[in-house]
Amino acid sequence: MVTSDNPNVKSIKHMAFAVRDAAAALASYARFLHVSSDTEIKVYPKSQNRVALFNLGGIEYQLCESMQPGGRFAAWIDQRGAEGLHHICYEVDDIDAALAHAQAQGASLRICQACQKYGSHPHPEGWVAFLDNDAGGIEIEFMQVYTSEQLKHYQAFQGI
């Protein structure tokens, strides 16, 4: 087996699964993998999604359901004909360096569906960017997680 360490990637931040029904998918995880059945399903009005968030094996899972028929996750399911792993978010120390490295290797940027922005931009947990290139049908996201001071600044700016 060949291993390589990309100096830009610290770890997997989260894995997002496109599902038709977040509550039903969560019930399966609760039944088969002992995820808490009272895990909150959050509604994100800006992106029009319902998301069940939980940790399993040290990785955050996101079970993502579009609230609109043509929404990001619904469209992905319709295109492929099945639910499944939509994207993996890789935590990076320096999002600009990670993007520069990926672009030097031929990657291009994908628009963030929630923010309608390309490249690095602020999100609730950190700066994010999406690649328009996938890995076997799985989208790639980079996130540089905010420090506690940066998070306070973001929340103040958002009025949170």
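Select His86 to begin: leaving aside its neighbours within four places in sequence, His86 is in contact with Ala16, Phe17, Ala18, Arg72, Phe73, Trp76, Gly137, Ile138 and Glu139 (contact means heavy atoms within 4.5 Å). The model is predicted, so local features need pLDDT of at least 70 and side-chain atom pairs count only at pLDDT 80 or more, whereas totals for chains, interfaces and linings use all residues. Residues are numbered from 1 along each chain as its sequence is written, and side-chain values use heavy atoms, with hydrogens and water left out.

His86 belongs to strand β5 (residues 84-92); strands (E, at least two residues) and helices (H or I, at least four) are DSSP runs, numbered from the N terminus. With a relative accessible area of 1%, His86 is buried (buried means under 20% relative accessible area, exposed over 50% and partly exposed in between, with a 1.4 Å probe and protein chains only).

A pocket is an open set of points on a 1 Å grid over the protein atoms alone, where a 1.4 Å probe fits, with protein on both sides within 12 Å along at least five of seven lines; lining residues have an atom within 4 Å of a point. About 210 Å³ of space lies in this second largest pocket, and helix α2 supplies the largest share of its lining, five residues.

Next, select Tyr44, Ser47, Ala114, His123 and Pro124, which lie nearest the centre of the largest pocket among its 33 lining residues. This pocket holds about 890 Å³ of space, a volume being the space filled by probe spheres set on the points, which are joined across faces, edges and corners.

Finally, select Phe17, Tyr29, Phe54 and Tyr61, which form one aromatic cluster. Rings of Phe, Tyr and Trp (its six-membered ring) pair if their centres lie within 6.5 Å; planes under 30 degrees apart count as stacked, over 60 as edge-to-face and the rest as tilted. The count by this rule is six aromatic pairs. Tyr29 and Phe54 form a tilted pair, because their ring centres are 5.2 Å apart and their planes stand at 55°. Tyr29 lies in helix α1 (residues 22-33) and Phe54 in strand β3 (residues 49-56), so the pair ties together parts 25 residues apart in sequence. Phe54 also forms a stacked pair with Tyr61, at 5.5 Å centre to centre and 15° between the planes. Phe54 is buried, at a relative accessible area of 7%, and Tyr61 is buried at 14%.
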